[in-house]
Amino acid sequence: MTNKFDLNDDSLVVIIGSGAGGGTLANELAKTGVRSVVLEAGKRFTFADIDNDEWGMFGKISWLDKRNSEGPSRLAKDFPNLPAWIVKGVGGSTMHWAGVAMRFQEHEFKMKTTNGVVPGANVLDWPITLKELEPYYVLAEKKMGVCGTESTGMPFHGKSSHYKVVEAGANKIGAHCEQATLAINTEAREGRPSCQVNGFCMQGCKIGAKWSTMYTEIPQAEATGHCEVRAESMVMKIEHDKHGKVTGVLYVDKDGNQQFQKARVVAVAANSIESPRMLLNSASDMFPDGLANSSGQVGQNYMTHTTGGVYAEFEKPVHMYKSTVVPGIVKEWEDNDPSRGHYAGYELEILHLGLPFMSAFLNPGVSGWGREVADSLRNYEKMAGFWICGEDMPVESNNITLHPTEKDQYGLPIPVVHKADHINDTRMRNHAYKTSKELFESVGAIKVSNLPAYPASHNMGTNRMSERPQDGVVNSWGQTHDIDNLFISDGSQFTTSGTENPTLTIVALAIRQAEYISESMRRKEI
């Protein structure tokens, strides 16, 4: 198949990645008449490819190219080659996200101002505020169809039995529980049906009730005639001219041939591991440490949220799987209150895991084996549980680097992902384990199990926003400090992780960035 746009067309925006950031950016630019080529490393899937099968879909859509996990956390031991759980395919990780769409809180944009210097952490204020982002949050909520918000007027999904068990426990210990704002339709909307509550949100939505760029932003962008998506196109390197301006992208196409697509602007939206890897792999004589890396911050400050799981067993059935994956959230501890023994906040997201995943993640871990695990799995129908989601401190030594010798199937150095807990993460997780146990025991739990962190879908930092060029990689528009026509458009631009799931903020930033790029191109500033 021939390309829609010419490889030598240097008037294009080349977007690397098609998920929440890249897919949204492509559609927003297309609506203003700006033409783009989206390069996606993975395949193009259809609804027919989506199965309600946890392990089957994991194998089909996950990014399973070799990566090394390093660090003292148990994650590196349990998952040595899978530091993160993201999707390799058109739509990116919006295929498998649970749909939780929450705005950051005001204090989360200014963690350094709020808490001062945190020893051992590289904390910084964002160069934007909640007030500046609020109009874009509204646009993002409308675009994505977020239920339970004024932006859409769509009602919540309703209280499942899983939700009611947690709500009763929260009430008993004086905590606040509320239904989750989800980008999953509760009413037919914009050509997509309402949720049928089949419970496999994280395997890809078979009917399209959950927002995913796979079947919203990407086809909408293509329909304008201003966007071309090239699937199975793995980017090798971003090239630049003698003035340090990026000129295009070298990639390997689906037939294994190297191609060079010229560009006026390049936007990198390949997730927080692949995006810095790409900048580091694009090192040159002019940029010996990698593109946009005069600060030395490319790849640093990797954040995943402070996580863990807590699952309780009861005497009577709960049937937690009979709901959306995340029906509600306990928000009692989402504020910043250092008197709890840690900075920043966490939320307890009511989460059901299917039986296959539960067997893998229950202690003693990846074996899914042993008497204790078997006894608990026998009680699967009587379980209720949380996923802990808390603010993860940015630490410079939590980072993405290039392996000195090992190469992938394209001949590129594989990424090495180093992640260790900051003492704040440990204290926060322990606080969350304790409050979760109290909550479940208040409503009669007969056993409460703590699950360790598993490979994260929330990957942030590594190309962070900063006011001053020496502190980060991009400015408040996601434009790199060093190179005017190079942008970062994914969660790697996050200055801090916040407590909330990142997708809504990624989309809001992409809408705002598209306005800026379109206007800057019109004024010939880039």
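# A guided look at strands, helices and cores

Guide: Isoleucine 400 has its place in strand 14. Let us start from there; please keep in mind that this is a predicted model.

Visitor: Why is isoleucine 400 called buried?

Guide: The label buried calls for under 20% relative accessible area. Isoleucine 400 has a relative accessible area of 1%, so it is buried.

Visitor: Which residues is isoleucine 400 in contact with, leaving aside its neighbours within four places in sequence?

Guide: Among them are Ser272, Ile273, Pro276, Leu280, Gly299 and Tyr302. Isoleucine 400 is also in contact with Pro415, Val416 and Val417. By contrast, the C-alpha atom of valine 100, 300 residues apart along the chain, is separated from that of isoleucine 400 by 26 Å.

Visitor: How do you know that strand 14 and strand 15 pair?

Guide: Pairing needs at least two bridges between two strands. Strand 14 (residues 399-407) and strand 15 (residues 413-418) have 5 bridges, in the antiparallel sense, so they count as a pair. Lysine 407, for instance, has proline 413 in strand 15 as its bridge partner. The hairpin of these two strands has 5 residues between the strands, and glycine 411 there takes a positive phi near 85°.

Visitor: What makes strand 5 and strand 17 the edge strands of their sheet?

Guide: That sheet is open and has 5 strands in the order 5-2-1-9-17, with parallel pairing. Strand 5 (227-230) and strand 17 (486-488) each pair on one side only. On average, neighbouring strands of this sheet are turned by 20° against each other, direction ignored.

Visitor: How do you know that strand 9 is joined to strand 1 and to strand 17?

Guide: Again, at least two bridges are needed for a pair. Strand 1 is joined to strand 9 by 4 bridges, and 3 bridges join strand 9 (residues 265-268) to strand 17. Both pairings therefore meet the cut-off. Valine 13 has valine 265 in strand 9 as its bridge partner, valine 266 stands opposite leucine 486 in strand 17, and valine 268 stands opposite isoleucine 488 in strand 17.

Visitor: What makes both faces of strand 9 covered?

Guide: Val265 and Ala267 on one side are buried, and so are Val266 and Val268 on the other. Helix 12 lies across strand 1 (13-16), strand 9 and strand 17, and runs at about 170° to strand 17.

Visitor: Why are helix 5 and helix 12 called roughly perpendicular?

Guide: The range for that label is 65 to 115 degrees. The axes of helix 5 (residues 130-144) and helix 12 (residues 503-522) cross at roughly 110° and come within 8 Å. The crossing angle falls in the range, so the two helices are roughly perpendicular to each other. Residues of helix 5 in this contact include Leu133, Tyr136 and Tyr137, and those of helix 12 include Leu504, Val507 and Ile511. Sorted by class, the contact of helix 5 with helix 12 has 11 nonpolar, 2 polar and 5 charged residues.

Visitor: What makes helix 6 roughly perpendicular to helix 11?

Guide: Helix 6 (residues 161-172) and helix 11 (residues 423-442) pack at an angle of about 105°, with axes 8 Å apart. Since the label covers 65 to 115 degrees, helix 6 is therefore roughly perpendicular to helix 11. Val166, Gly169, Ala170 and Lys172 of helix 6 make the contact with Leu439, Phe440 and Ser442 of helix 11. By class, there are 4 nonpolar, 2 polar and 1 charged residues in the contact of helix 6 with helix 11.

Visitor: Which residues have the most contacts inside the largest nonpolar core?

Guide: They are Val330, Leu351, Leu353 and Phe440, in a core of 73 residues. Strand 13 (residues 383-390) gives the largest share of this core, 6 residues. Leaving aside neighbours within four places in sequence, leucine 351 is in contact with residues including His162, Met202, Phe386 and Trp387. Another core, of 53 residues, lies apart from the largest one, and Val14, Ala20, Phe109 and Met460 are among its members.

Methods: Residues are numbered from 1 along each chain as its sequence is written. This is a predicted model: local features need pLDDT of at least 70, side-chain atom pairs count only at pLDDT 80 or more; totals for chains, interfaces and linings use all residues. Side-chain values use heavy atoms; hydrogens and water are left out. Axes are lines fitted to C-alpha atoms, for helices over the stretch in contact, and angles run from 0 to 180 degrees between N-to-C directions. Angles under 35 degrees count as roughly parallel, over 145 as roughly antiparallel, 65 to 115 as roughly perpendicular and the rest as oblique. Contact means heavy atoms within 4.5 Å. Ala, Val, Leu, Ile, Met, Phe, Trp, Tyr, Cys and Pro count as nonpolar, Asp, Glu, Lys and Arg as charged, and the others, Gly among them, as polar. A nonpolar core is a set of buried Ala, Val, Leu, Ile, Met, Phe, Trp, Tyr and Cys residues joined through side-chain atoms within 4.5 Å. Buried means under 20% relative accessible area, exposed over 50%, partly exposed in between (1.4 Å probe, protein chains only).
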